[in-house]
Amino acid sequence: MLHKVIMAGFGGQGIMTAGKILAEAALREGRNVSWLPSYGPEMRGGTANCHVIISDDLIGNPIISEASAVMVLNQPSFDKFGNNVVSGGKLIVNSSLIAEKSPKDDIGTVYVPANDIAAEFGNKKVINMIMLGAYLKATGVVEISTIMKIVSEILGQKNPELLKLNQDAILKGAELADEALGGEAGR
Amino acid sequence: MSKELWKGNEAIAEAAVRAGCKYFFGYPITPQNEISEYMASRLPEVGGCFLQAESEVASINMVYGASGAGARVMTSSSSPGISLMQEGISYIAAAELPCVVVNIVRGGPGLGGIQPAQSDYFQACKGGGHGDYKLVVLAPNSVQEAVDLVQEAFDIADLYRTPVLVLGDGMIGQMMEPVEFYPIPKRELPEKNWAADGTRGKRPPNIINSLYLKAEECEIENLRRYEKYAAIQKSEVKCETYNLENAEVVCVAYGMTSRVVSNAIDTLEKAGINAGLIRPVSLWPFPSGIIAEVAALPGVKAFLTVEMSMGQMVEDVRLAVSGKKPVHFYGRTGGMVPEVSAVVNEVKRITGEEI
Amino acid sequence: MKTVFEKTKGLTDKELHYCPGCTHGIIHRLIAEALEELDVLDVAAGIAPVGCAVFAYDYFNCDMYEAAHGRAPAVATGIKRTTPDLVTFTYQGDGDLASIGAAEIVHAAGRGEKITTIFVNNAIYGMTGGQMAPTTLIGQKATTAPRGRDEEHTGMPLRMCEMLATIPKAVYVERVAMHDIKHIIQAKKAIKKAFQLQIEGKGFTFVEVLSTCPTNWGKTPVEALEWLERNMIPYFPIGNFRTVEEGK
């Protein structure tokens, strides 16, 4: 298996955290993994991204140009990375902030109004988890149960309420991806 | 112990602590701040001391003092900061003090940028500071290898009484990869009976010094030190090869660039083109012998050096190949990273394939 | 026969290289005597500067370091932080400390490094041959100020004691002078006091010693001592600038 995902959005949208949780999950499932962040001043408020590669073999270049999946949380990220998805790959779009549709017809695209859903949850900080849930369902790259376990390790002891919120957000995202891809999810 | 995800910079710092480094002096600069930050939190736990210096000039001189007193000590910085340290590094090399310096290289020259680069190769391997001296330079290409090499670096430093430079780049410093902290085999190390840590009534005073106003004496010191460098060249060359069998084009790349190249080699193989890789792990001592051997192989048509610079290591490759085969160069600079497809195209250009 | 005087054990038998009339030799002896009297020679580490005292490592009978120009306080910091029981001192001239090493001395003081700095101020670069120092007086001639130091062109001499005395962690700051016996005895007391406070772990201690350079001043040793008293002391007043005994 070789899976390459770019996650991108505004600094503060939780992109780096989402990528780290994914990388940790893949490691626990016995894969090789690399997590490469953008770094520098753009991390505060500008556009941030991370490249995560999951593989059964040794990982070469950690920079992704041809992505198995791209998850974008804002318009600049859609503009920058939307075209990096390879044929048959998945594009997860935060449709609350990105009005555009992907012109690619050889990929699976999931539009998730993450900000609107987060507002319904009453906590805009879970945008990343909603998107992560959709991405996980769309790609099936790691088990959602592994992700849930990691999230509970991070939040469980300290804040059970916040844990439930995050887990619900992941499940909601997964549900939307399942609907959008109509059974194609995880392929 | 199972593998854990570690950020390169933090893993480097933890590796140093596990190697028995209890002292760290540094000054903030991107993209290596996590090393200092980690040390600031970690060293008090092991009874050590982290101190933020007023400048890189000061931090390398604090290293000089700490090492002179016999401590295992480290500093880290990124390109512009390492430039400021060159004076101190020259003194440390001359006074034969063991220490580890980490350079998480960023694009230059000048203030440059903060993205990954390999444009400090000359500075690292060809002096950097003034005078006749060498640094042992180790260049990891993964977070795991950074962990392993940092630990070994302290032993090499103590064994030969020399500063060791670990040369990474912004990518290796910032990325996370799985790491296992397994015990590195320890070398047998000489006692630090030269350390100036107080005579304590047991010996005559020790002097940590690099001043020899008589030219004859200064030359003797340099010759003696170069005998040591010859021993290092004999015993400490580290190098990896990949896919060299049947290779028509042999790529030479170090650090993170070698991973781009290995991907390119796999891509080329699928297209029926045989390319291989020589990856110097020790940049000094440079694996000239291995490169020369490979250059003599009849099947090898050409070399291609790939770097994140305008072409620095390529000069050492050319010296090693010594005109036996053409040596080509491909590089990106200023913080740009070569793309796999670009390396593939360069190899194809060399073999005369259509791109 | 009763022994009435002995050379301090704090100095080696190496012959000093200083010019006739230079006061470095006296200052060396004062430091060595203080270390001997405090019984810390075997746990002392000194750092020699770049300047006339560059060979100080050959003269002091304790562990010694030669530092890069101006960096002695940073080197001392590295020594003291790893080996806190070493009585650590830097010996620095005016070019070394007040010019190229200005950052290092200020920050060592700022951090309250538990070291002692002996700052030998003779208002000129001696070793390199009489160039202008940051403490060269207005009107004083130097090879790089051939018409005398011009205030408009190069500003005013830096008063290091006055500057460092503003730093909370600099617990002892005193200026002494070498122009007569009385003041030499006072200097010895100040140096010993600085070491004493270091040993007690109080903080950064600093003694500025007004000194002469007959060779580069173009004066006889006696004229040089008179010149020091008449010209340097009015601009660099001697005395204590700060003592914080209870500081910790």
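Which residues line the largest cavity? The points below take up that question first and then turn to the chain contacts.

1. The model is predicted. Its largest cavity is lined by B:Val105, B:Ala117, B:Gln118, B:Pro140, B:Leu167, B:Gly168, B:Asp169, B:Ile172, B:Tyr254, B:Gly255 and B:Met256. By class, the lining comprises seven nonpolar residues, three polar and one charged.

2. Two elements of chain B, strand S7 (163-169) and helix H9 (255-270), each contribute at least two residues to this lining. S7(B) provides the largest share, with three residues.

3. On volume, the largest cavity comes to about 50 Å³. The structure has two cavities of 30 Å³ or more.

4. Turning to the chains, two pairs touch, and the pair B and C has the most contacts. Chains A and C do not touch, and 28 Å separates their nearest C-alpha atoms.

5. Between chains A and B, 18 residues from chain A and 25 residues from chain B take part in the contact. About 1600 Å² is buried between these two chains, with carbon and sulfur atoms giving 67% of that area. There are zero salt bridges between chain A and chain B, while six residue pairs are in polar contact across their interface, both residues being at pLDDT 80 or more.

6. On the side of chain A that touches chain B, helix H1 (15-28) and strand S2 (32-37) of chain A each supply at least two residues. S2(A) gives the most, five residues. That side of chain A is made up of eleven nonpolar, five polar and two charged residues.

Note on methods:
Residues are numbered from 1 along each chain as its sequence is written. Chains are lettered from A and ligands numbered from 1 in the order in which they are written. This is a predicted model: local features need pLDDT of at least 70, side-chain atom pairs count only at pLDDT 80 or more; totals for chains, interfaces and linings use all residues. Side-chain values use heavy atoms; hydrogens and water are left out. Contact means heavy atoms within 4.5 Å. Buried area is the accessible area (1.4 Å probe) that two parts lose on being put together, summed over both. A salt bridge is a side-chain nitrogen of Lys or Arg within 4 Å of a carboxyl oxygen of Asp or Glu. A polar contact is a pair of N or O atoms within 3.5 Å; within protein, one must be able to donate a hydrogen and the other to accept it, and residues adjacent in sequence count only if both atoms are side-chain atoms. Helices (H or I, at least four residues) and strands (E, at least two) are DSSP runs, numbered from the N terminus. Ala, Val, Leu, Ile, Met, Phe, Trp, Tyr, Cys and Pro count as nonpolar, Asp, Glu, Lys and Arg as charged, and the others, Gly among them, as polar. On a 1 Å grid over the protein atoms alone, a cavity is a set of points where a 1.4 Å probe fits but cannot get out, and a pocket is an open set with protein on both sides within 12 Å along at least five of seven lines; lining residues have an atom within 4 Å of a point. Grid points are joined across faces, edges and corners, and a volume is the space filled by probe spheres set on the points.
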